[in-house]
Amino acid sequence: MRLHAATCTVIGNSPLLQSRANLDGRTARTWIHSPHRLDRNQEIDAFAFDADQTHNAMIRGDIRAIGLLVRNADSGVLIRLGQLIANAGTDNLELK
């Protein structure tokens with residue numbers, strides 16, 4: 001939540017900020033409802049890497065890098081969610 005709040009502080013566009021909050025809320029619910037389907041170590045490693053890189057960019061004041069890091073982190077989440085859904089098969093994974 002602190003990483004989300006920190007990245008939101010650099011978003012100056014209100015509609016983009018709303019979209020960001022919406023996307024984060026939706027993906028957070030997916031992670032909560034699917035813990036047994038996730039590779040916990042992979043998720044921890046991915047998050048730790050993203051948080052560290054974003055923190056470094058914030059220290060440098062590199063807004064463009066923050067945007068690229070957030071984009072890449074979101075892409076990774078979408079790829080992993082897609083794999084989760086593809087591997088769910090008949091497991092009735094519902095995303096709402």
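Let me begin with confidence, since what we have here is a predicted model: the mean pLDDT of the protein chain is 81, and 81% of its residues reach 70 or more.

On the overall fold, the protein chain holds four helices and zero strands, and reading along the sequence gives the pattern α-α-α-α. Of its 96 residues, 25% count as buried. If we take the contacts between residues at least 6 apart in sequence, 60% of them join residues at least 24 apart.

Now to the packing of helices, where two partners are described by the angle between their axes and the distance between those axes. For helix 3, residues 40-60, and helix 4, residues 63-88, the axes come within 9 Å of each other and cross at roughly 170°. Because angles over 145 degrees count as roughly antiparallel, helix 3 is roughly antiparallel to helix 4. Which residues in helix 3 and helix 4 meet? On the helix 3 side they are Gln42, Glu43, Ala46, Asp50, Gln53, Thr54, Ala57, Met58 and Arg60, and on the helix 4 side Ala65, Ile66, Leu69, Ala73 and Arg80. Sorted by class, this contact of helix 3 with helix 4 has seven nonpolar, three polar and four charged residues.

Let me turn to helix 1, residues 2-8, and in particular to Thr7, which is found there. Is Thr7 buried or exposed? Thr7 counts as buried, because its relative accessibility is 6% and the cut-off for buried is under 20%. Leaving aside residues up to four places away in sequence, Thr7 touches Thr54, Met58, Ile66 and Val70.

How far apart are Ala6 and Thr54 in sequence and in space? In sequence the separation is 48 residues, while in space, C-alpha to C-alpha, Ala6 and Thr54 are 9.2 Å apart.

Note on methods: Residues are numbered from 1 along each chain as its sequence is written. This is a predicted model: local features need pLDDT of at least 70, side-chain atom pairs count only at pLDDT 80 or more; totals for chains, interfaces and linings use all residues. Side-chain values use heavy atoms; hydrogens and water are left out. Helices (H or I, at least four residues) and strands (E, at least two) are DSSP runs, numbered from the N terminus. Buried means under 20% relative accessible area, exposed over 50%, partly exposed in between (1.4 Å probe, protein chains only). Contact means heavy atoms within 4.5 Å. Axes are lines fitted to C-alpha atoms, for helices over the stretch in contact, and angles run from 0 to 180 degrees between N-to-C directions. Angles under 35 degrees count as roughly parallel, over 145 as roughly antiparallel, 65 to 115 as roughly perpendicular and the rest as oblique. Ala, Val, Leu, Ile, Met, Phe, Trp, Tyr, Cys and Pro count as nonpolar, Asp, Glu, Lys and Arg as charged, and the others, Gly among them, as polar. pLDDT is the predictor's confidence in each residue, from 0 to 100.
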